[in-house]
Number of protein chains: 2
Amino acid sequence: MYTPTHFAETDDAEIRRIVAAYPLASCVVAVDGAYVVNHIPVLWVEDRLIGHVALNNDLHRIADGMDAVFIFRAEDSYISPNWYPTKAETHRHVPTWNYSAVNLHGRLDFDHTRKAKLAVVGQLTKHFEGALNGDEAWKMRDAPRDYMDGMLDNIVAFSVDVARVEAKSKLSQNRESRDYDAVRDQMHAQGKHDLARRMGDRS
Amino acid sequence: MYTPTHFAETDDAEIRRIVAAYPLASCVVAVDGAYVVNHIPVLWVEDRLIGHVALNNDLHRIADGMDAVFIFRAEDSYISPNWYPTKAETHRHVPTWNYSAVNLHGRLDFDHTRKAKLAVVGQLTKHFEGALNGDEAWKMRDAPRDYMDGMLDNIVAFSVDVARVEAKSKLSQNRESRDYDAVRDQMHAQGKHDLARRMGDRS
């Protein structure tokens, strides 16, 4: 990922926050010269990504043990030169795009055991339901045993040994403060509060 | 991309709309066994993607003429079993994730000519500025000539011959109407109006 120094995201906590806030990864594996893309919600636990795919998804048959990249993206926005207060003075501005992105690279390993599948589904459920519904969170035991068994039979668990982390926060850091503040205000005005918040953290 | 029939997005107009509404592509190329990822705004014009990268971005040196995949993603959301009205009756539900995605595959070709760069920057500017600012749109000629020349010297244009289109709209189409409507209402309640609108189009 092309990352000029001023756009490098070097804050480990922020990198983890981006992945946690935008957990639907675009997973890419090159198999026999073709890109196989899947969009999969994952959790990043210590140095591993965990998740599951449908048994009907060929990914576990064609990509087991292969290197993959999991791509995470926070809110993004086109940035108009019109928004910079200094534009009227210098006119030395062009359009750009702001975004944050994390690319996690590592080996993808599938696991068909019931133990692994239960562990992954349990962790994902606890995380996403807990965050959303707290004490009212849906639990696996809410569903009948035969139904959950059927569901588990139809998935495959996976984990990824995260070997390389790339992260970029392209958030107008290269602008002077008047222009930077104006962009942040525009993000709020457009309802892109999460992007604005990421900028706010930097000013 | 694993795409059960009921989640296949087969509406060409909708596929174009997703790309147009979420134009910051995650571009992936496998080079010497490693995934090179870049996040690049593009336009899909007829059967080609067009865009540009920084001259400092190695992509044009290492991936010219190679196959690439450009990934576009609309709004997505975790879907809780608690949201289904039928849950209380059957408890036969598990969590899932809704999203729309388009993966465009094709050969990536770079062009260093001033003509190509001007054409790409002109089309991108006209499209994004026009959509945002209408009659007040920023134009290249707003900037001093020496500044624009310097900007053009520091980019490389590219185009992608789109050879394969994969598209998926995973929007609870496999749910009965009470549950479907409840999910759509939840999307609105969470401010995910674009996701809700894509569902609305289907009901």
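The contact takes 47 residues from chain A and 47 residues from chain B, where two residues are in contact if their C-beta atoms, placed from the backbone, lie within 7 Å. This is a predicted model, in which local features need pLDDT of at least 70 and side-chain atom pairs count only at pLDDT 80 or more, while totals for chains, interfaces and linings use all residues. Residues are numbered from 1 along each chain as its sequence is written, and chains are lettered from A and ligands numbered from 1 in the order in which they are written.

Let's start with chain A's side of that contact. The elements of chain A giving two or more residues to it include strand E7 (96-111), helix H4 (114-133) and helix H5 (145-153). Helices (H or I, at least four residues) and strands (E, at least two) are DSSP runs, numbered from the N terminus. On this side of chain A there are 27 nonpolar, 13 polar and 7 charged residues. Here Ala, Val, Leu, Ile, Met, Phe, Trp, Tyr, Cys and Pro count as nonpolar, Asp, Glu, Lys and Arg as charged, and the others, Gly among them, as polar.

Now for chain A as a whole. It has 7 helices and 8 strands, and its C-alpha trace spans about 70 × 45 × 25 Å along the principal axes. Of the 203 residues in chain A, 36% are buried, that is, with 20 or more other C-beta atoms, placed from the backbone, within 10 Å of their own.

Two of those helices pack together: H6 (residues 177-189) and H7 (residues 193-200) of chain A meet at an angle of about 155 degrees, with their axes 7 Å apart. The axes are lines fitted to C-alpha atoms over the stretch in contact, and angles run from 0 to 180 degrees between N-to-C directions. H6(A) and H7(A) are therefore roughly antiparallel, a label for angles over 145 degrees. Among the residues making this contact are Arg184(A) and Met187(A) of H6(A) and Leu195(A) and Met199(A) of H7(A). The contact of H6(A) with H7(A) divides into 4 nonpolar, 3 polar and 1 charged residues.

Over in chain B, strand E4 pairs with two strands (pairing takes at least two DSSP bridges).

| Strands of chain B | Bridges | Direction | Opposite residues |
|---|---|---|---|
| E3 (residues 43-45) and E4 (residues 48-54) | 3 | antiparallel | Leu43(B) and Ile50(B) |
| E4 and E8 (residues 155-170) | 7 | antiparallel | Ala54(B) and Ile155(B) |

E3(B) and E4(B) form a hairpin with 2 residues between them. In its turn, Glu46(B) has a positive phi of about 55 degrees.

Technical notes: Parallel < 35°, antiparallel > 145°, perpendicular 65-115°, else oblique. Buried ≥ 20, exposed ≤ 12 C-beta atoms within 10 Å, placed from the backbone.
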